[in-house]
Amino acid sequence: PALQRSLAIAATAADSPPHAMPMRLPLVLTLFSLLSAVFSLRLSPLPLRTFAACTTSRTPAVALAAKKPKTVQVVLSSKVDGLGKAGDLVSVKPAYAQNFLIAKGLGAIATKQVLEQIAAETALRSEAAAAAKQAAVEGEAALSAVFGGQGLFIKKKVGRDGAIFGSVTATEIAVLIEARAGIKVDKRHIDVPDISHVGSAVVDVQLHKEVSAKLKICVVPATL
């Protein structure tokens with residue numbers, strides 16, 4: 001609007017009669033000064049600081065929106081060499097999780113519900129492990145109380161030179177332990193040395209991965 005008014009005044013001055021020229025000259029100069037100032041304001045560029053603020057004010061928000069997590073938690077459903085076994089909670093890169101573990105059915109993203117379930121199962125396993133160890137400790141005490149220093153006697157047929165017929169096996173010892181002490185032991189957890197003659201020997205009985213017992217075996221002739 002200011003520019004239009006200035007142009008209108010300039011046009012009026014241009015149409016004035018010749019005898020008014022001395023009076024028009026200051027007015028024309030003033031109008032040109034005004035027009036120059038107006039054009040200067042309309043065409044001047046934004047200050048660099050203002051321009052920078054306009055172009056960068058949203059950069060942090062965009063950067064935060066584009067930022068991705070470095071790792072994700074995955075629950076393995078199968079054993080993965082170098083990573084873990086089924087049921088393990090592992091942290092891996094998102095691309096590896098999506099393109100390999102999940103794509104091949106080897107695991108799933110650990111949601112809040114899954115993490116809570118894992119925590120509950122871990123607590124149950126810990127309680128079961130503690131109970132199993134306690135049972136093994138009690139079993140060791142029972143073996144010592146029942147067999148003591150005398151040991152477990154096993155009767156075998158014997159030849160003239162004292163050699164026994166057959167052998168002393170882990171299965172045989174496991175059956176005798178359960179029958180006489182009431183303790184059930186897996187035969188695979190009984191380490192029996194080579195026994196070929198009457199006499200005594202010591203066997204290792206693994207009651208738990210952290211609890212074992214030494215059991216004295218006494219082989220005697222079956223006629224006694």
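What share of the contacts in the protein with a separation of 6 or more comes from residues 24 or more positions apart? In this predicted model, such residues account for 47% of the contacts in that group. The protein has 224 residues, of which 24% are buried, and it exposes about 16,000 Å², with 61% of this area supplied by carbon and sulfur atoms.

The secondary structure consists of seven helices and seven strands.

In general, the strands of a sheet pair through backbone hydrogen bonds, and the pairing may be either parallel or antiparallel. Strand 1, made up of residues 72-76, pairs with strand 3 in the antiparallel sense over three bridges, and V75 has A108 in strand 3 as its bridge partner.

A search of the whole structure for aromatic pairs finds one. This pair is formed by Y96 and F100, whose rings are stacked, with a distance of 5.3 Å from centre to centre and an angle of 20° between the planes. Both residues belong to helix 5 (residues 94-102), and because they are four residues apart there, about one helical turn separates them. Y96 is partly exposed, at 34% relative accessibility, and F100 is likewise partly exposed, with a relative accessible area of 28%.

Five salt bridges are found when the whole structure is searched, and among them is the contact between the side chains of D88 and K85, with 3.4 Å from N to O. In this pair, D88 counts as partly exposed, at 22% relative accessibility, whereas K85 is exposed, its relative accessible area being 52%.

Another of the salt bridges joins E172 to K156, and here the closest N and O atoms are 3.0 Å apart. Since E172 lies in helix 7 (residues 170-181) and K156 lies in strand 4 (residues 152-156), the pair ties together parts that are 16 residues apart in sequence. As for accessibility, E172 is partly exposed, with a relative accessible area of 22%, while K156 is buried, because its relative accessible area of 12% falls in the range under 20% that defines a buried residue.

A further salt bridge is made by the side chains of D186 and R188, which meet at 2.7 Å from N to O. Of these two residues, D186 counts as partly exposed, at 27% relative accessibility, and R188 counts as exposed, at 69%.

How values were computed:
Residues numbered from 1 in each chain as written. Predicted model: local features only at pLDDT ≥ 70, side-chain atom pairs only at ≥ 80, totals over all residues. Heavy atoms only, no water. Pairing = 2+ DSSP bridges. Helix = DSSP H or I, 4+ residues; strand = E, 2+ residues; numbered from the N terminus. Salt bridge = Lys/Arg side-chain N within 4 Å of Asp/Glu carboxyl O. Buried < 20%, exposed > 50% of the residue type's maximum accessible area, 1.4 Å probe, protein only. Contact = heavy atoms within 4.5 Å. Areas by Shrake-Rupley, 256 points an atom, 1.4 Å probe, with all protein chains shown as cover. Phe/Tyr/Trp six-rings, centres within 6.5 Å; stacked < 30°, edge-to-face > 60°.
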